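Hi,

Here is the structure I promised to pass on.

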Number of protein chains: 2
Amino acid sequence: MKIVKNTVVACCQVAPKIGDLAFNRTLTERAIRSAAHQRAQVVVLPELVQSGYVFNDRDEALSLAETTEGSTLRLWMELARELNIVVVGGFCELLGGGELANSAAMIDPQGLRAVYRKAHLWDAESEIFSAGDATPPVVETVHGRIGMLICYDLEFPEWVRLPALAGAELLCAPVNWPDGPRPLTERPAEVVRVQANASVNRMFIAACDRYGHERGVGWVQGSVIVDADGYPLAGPAEEGGEQILLAALNLGEARNKRISARNDLHQDRRQGLYG
Amino acid sequence: MKIVKNTVVACCQVAPKIGDLAFNRTLTERAIRSAAHQRAQVVVLPELVQSGYVFNDRDEALSLAETTEGSTLRLWMELARELNIVVVGGFCELLGGGELANSAAMIDPQGLRAVYRKAHLWDAESEIFSAGDATPPVVETVHGRIGMLICYDLEFPEWVRLPALAGAELLCAPVNWPDGPRPLTERPAEVVRVQANASVNRMFIAACDRYGHERGVGWVQGSVIVDADGYPLAGPAEEGGEQILLAALNLGEARNKRISARNDLHQDRRQGLYG
């Protein structure tokens, strides 16, 4: 009998409050505990869930920023240790010299395993954050190799390719997808791109969106966990709002890039031609 | 008043017969005339529609191959001139030295404008065809800039990026998507990837699939024409079978890569980081 090891992954689609760090800490603690109670082993939180997203200006963001030693990451580290889980979540990071980054942390019972700084900035973010220059990290966890990137990064398949080529079996993507017009009967393009990114890499992706109007901005509320063929295992939920999506993933499947007798999605790349 | 120039694009999802060149010529003539009668200005045909797809071996493919001077391309050139249209279709190409390529031709009233040779070969194709090394061409037509590539090429977003960066407003993709298992309620991943490729480039894509069982192989029958945001304008048709999909595209929209006040999908690329 073949033993299949499944990893339960959760996306916690919650609504942080811009500027209320204490509220957001409590919110994430409640969501993380609830997901873990439902047997989640990897818990993904939205982009900038620590601070909220729609800053009035850079000064406001600066006043809310935390380092990796701040109260929010300390809380997530305590919870990861207590609940024996991996947590991936977004925060407004204070760097040296007063610079800011739109960052995501990966934390497991060992502590802070990696920080990623968003490389492709969306709209007014470029007036607040310094763009990251480092490739999305891939961390060896007890569940398998986990990568992360953030929101608009997903629109650059060349960027998604890097953690995939580095062996990521699961990519965790904290996002805040601003809502926009689309044909009524269509799945949001944001979700479609997650599906395509998964399928061209045979890699699982868990994208965690938020909800709740913030200073006039609404959100797609399209959190989704897709399999290595690009099909959703959980979400996107029609009804929106607060959601804890859960799916059991056999991450080992992502190690096999073969899609026909003679084809391997990564080996078939013709890197030398891509310029 | 702003004048919007629409271009009517057709995908002719037909069923060629393996090995019957005369049948396939008649089939494509009928489809092209029917599409033009419905006001199509750009007509896309499936991959290898000239020969059929499931060759028994290389010798069979060799016996069916044609050069760009062959009867099939001559027919398409006559039709393009007579009907004042652009034709993009796939054929089994005889190269010098008895080599074969899985090729697509772009033909307009001026004649043969470009030939593209598939760079990413699917399964047994690698035992029959030489893989192309040349970047997908982008041709300036009276309707706008049109690029082309073939089937499995679409699973390499780095490859799709090249004609997009070269200014393609419409990408025509002859495909033969072999059918496979998928969740019943899900749109085929092949179609999802077309949508994502369009949306990350703000480029229209017309992918023309085939139907008809051939030596035990069935097809997705997922022909689709998607807009520059990645949403289908025509197809994929639930019922499969023969389809002439039609959509009127304002190709000029694809020249605008802006998606927010500060974001441009192509300028936001961080090429230096992609390795």
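Let's start where the chains meet: 12 salt bridges are counted between chain B and chain A, a salt bridge being a side-chain nitrogen of Lys or Arg within 4 Å of a carboxyl oxygen of Asp or Glu. One to look up is B:E127 with A:R262, whose side chains meet at 3.0 Å, N to O.

Before going on, a word on conventions: this is a predicted model, where local features need pLDDT of at least 70 and side-chain atom pairs count only at pLDDT 80 or more, while totals for chains, interfaces and linings use all residues. Residues are numbered from 1 along each chain as its sequence is written, chains are lettered from A and ligands numbered from 1 in the order in which they are written, and side-chain values use heavy atoms, with hydrogens and water left out.

Back to the interface. Contact (heavy atoms within 4.5 Å) involves 48 residues of chain B and 48 residues of chain A. The two chains bury about 4100 Å² between them, with carbon and sulfur atoms giving 53% of that; buried area is the accessible area (1.4 Å probe) that two parts lose on being put together, summed over both. On the chain B side, B:E158, B:Y231 and B:Y274 lose the most area to chain A, together 17% of what that side buries.

Now the rings. Phe, Tyr and Trp (its six-membered ring) pair if their centres lie within 6.5 Å, and planes under 30 degrees apart count as stacked, over 60 as edge-to-face and the rest as tilted. That gives 10 aromatic pairs over all chains. Take A:Y53 and A:W219: their ring centres are 5.6 Å apart and their planes stand at 85°, so this pair is edge-to-face. Both residues are buried (under 20% relative accessible area, with exposed over 50% and partly exposed in between; 1.4 Å probe, protein chains only): A:Y53 has 13% and A:W219 has 2%. In chain B, B:Y53 and B:W219 also have centres 5.6 Å apart and planes at 85°, so they too are edge-to-face. B:Y53 and B:W219 are buried as well. Elsewhere in chain A, A:W122, A:Y152 and A:F156 form one aromatic cluster.

Last, a charge over a ring (NZ of Lys or CZ of Arg within 6 Å of the ring centre and within 35 degrees of the ring normal). A:K17 lies over the face of A:F23, 4.4 Å from the ring centre, and B:K17 has its charged end over the ring of B:F23, 4.4 Å from its centre.

Cheers
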